[in-house]
Amino acid sequence: MKAAISHVKIKALCAVVPSTVSKFEDEIKEYPFSEHSSRKLAKVMGFREHRIAPEQVSLCDLAEFAVKQFLDNGIISRDEISALVFVSHQHEYPVPGNSKVLHGRLKLSHNTHCVDLYENCSGFISGLYTASTMLASTEEMQKILLVTSNAGTCHLNIKDRNTYPLMGDAASVTLIEKSPSADDKIFFDFYHDGSEVETLIVPAGGMKLPADENTAKLAKDNLGNYRSLNDLHMDGAKVFHFVMDKVPALINDLCTYAKIKKSSIDYHLTHQPNKFLVDKLSDLILDVDENNQAVIFDNIVENFGNSSSSTIPVNIAFNLQGCLTTEQNVKSGMQEKLVCLSAFGAGMTACAAVCRLGNLSFCALKEYPCPVTD
């Protein structure tokens with residue numbers, strides 16, 4: 001599904017990670033494999049450290065902290081927020097939705113529209129599309145906050161080396177505004193294959209199979225990892241082949257649709273599940289055009305972990321916070337960057353967006369101060 005939405009622009013971004021750091025070096029003893037095997041895998045996959053919020057820190061705690069960076073720095077006032085779009089695959093409560101909880105905690109206007117999207121790794125791009133269509137559909141909406149958040153590395157088991165060292169917690173807030181210029185346009189493309197839902201799945205905990213003491217029992221898989229039906233099950237080989245097959249083609253199609261030369265893209269800001277996959281994906285994206293000088297970062301998992309829908313904002317804030325704000329652009333004489341955002345995940349889903357990014361009023365990566373635990 002392709003779409004082009006005009007008169008919309010990303011104006012500010014903040015990513016938040018918990019201050020609590022979990023190091024792979026300390027986790028090795030938990031994995032049911034030899035130390036040599038784990039270290040060898042870590043080098044290939046980019047396992048080093050990741051951010052994990054303690055149990056008492058919720059996804060709305062991280063999200064509230066992120067939004068307050070905008071409020072406290074005068075980026076936006078509460079009354080200016082036309083809508084709040086909250087993306088996550090977790091819930092603060094079964095009812096009500098996360099956006100309503102955050103709305104109350106932030107004391108937003110009663111006129112602020114609240115929307116919840118139940119999404120995982122493709123959630124930032126899905127949320128960007130939702131916010132952009134809302135801005136384009138009505139004159140009344142001018143500024144929308146897109147929030148993503150994940151906390152507690154839910155659905156993971158530390159005995160599962162296949163998933164645990166990859167994952168991390170983070171939140172983000174992005175300000176998307178209506179623009180008077182038709183040149184401010186975001187192009188989107190989405191691909192879905194619901195026949196592959198079991199490739200990435202948490203089998204228990206929903207209406208299909210409610211969690212109980214039986215679903216919590218650990219079982220050993222054919223690779224030697226331990227997990228329960230309450231934990232994330234991932235067929236890594238299938239995920240890899242899906243990404244290699246679908247994402248480069250999707251980006252090519254989107255550039256053709258947008259009438260943009262791929263060689264003109266400055267940055268490919270991808271979702272990052274692990275270093276190995278991103279490096280292989282980079283080869284396929286960049287080798288299509290031998291003159292392509294775009295930059296693709298692969299350093300998020302080793303520093304923060306894969307935080308699902310928050311990974312792309314963390315990628316932007318960590319790697320580009322020094323060159324995207326208006327003040328920095330004026331000082332350096334740099335222009336806005338043409339970027340391609342891409343993501344992939346459970347569903348199976350692949351998606352991409354192309355837009356210009358720069359002259360932001362705020363772009364930063366902040367730490368949420370977690371309480372010290374024994």
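I began with the salt bridge between Glu49 and Lys23, whose closest N and O atoms are 2.9 Å apart; I count as a salt bridge a side-chain nitrogen of Lys or Arg within 4 Å of a carboxyl oxygen of Asp or Glu. The pair links distant parts of the chain, with Glu49 in strand β4 (residues 49–51) and Lys23 in strand β3 (residues 21–23), 26 residues apart. I took helices (H or I, at least four residues) and strands (E, at least two) as DSSP runs, numbered from the N terminus. Glu49 counts as buried because its relative accessibility is 12%, while Lys23, at 39%, counts as partly exposed; the cut-offs are under 20% relative accessible area for buried, over 50% for exposed, and partly exposed in between (1.4 Å probe, protein chains only).

I noted that this is a predicted model, in which local features need pLDDT of at least 70 and side-chain atom pairs count only at pLDDT 80 or more, whereas totals for chains, interfaces and linings use all residues. Residues are numbered from 1 along each chain as its sequence is written, and side-chain values use heavy atoms, with hydrogens and water left out.

Next I looked up Lys238, which forms a salt bridge with Glu196 at 3.7 Å between the closest N and O atoms. Here too the pair links distant parts of the chain: Lys238 lies in helix α6 (residues 236–258) and Glu196 in the loop between β9 (185–192) and β10 (200–201), 42 residues apart. Lys238 is partly exposed at 44% relative accessibility, and Glu196 is partly exposed at 26%.

I then checked Asp245 and Lys246, whose side chains meet in a salt bridge with an N to O distance of 3.2 Å. Asp245 has a relative accessible area of 48% and is therefore partly exposed, and Lys246, at 26%, is also partly exposed. Elsewhere, salt bridges that share partners join Asp61, Glu64, Lys68, Glu92 and Arg105 into one network. I recorded 22 salt bridges for the structure.

For the whole protein chain, I listed 10 helices and 18 strands. The C-alpha trace spans about 55 × 50 × 40 Å along its principal axes. Of the 374 residues, 56% count as buried.
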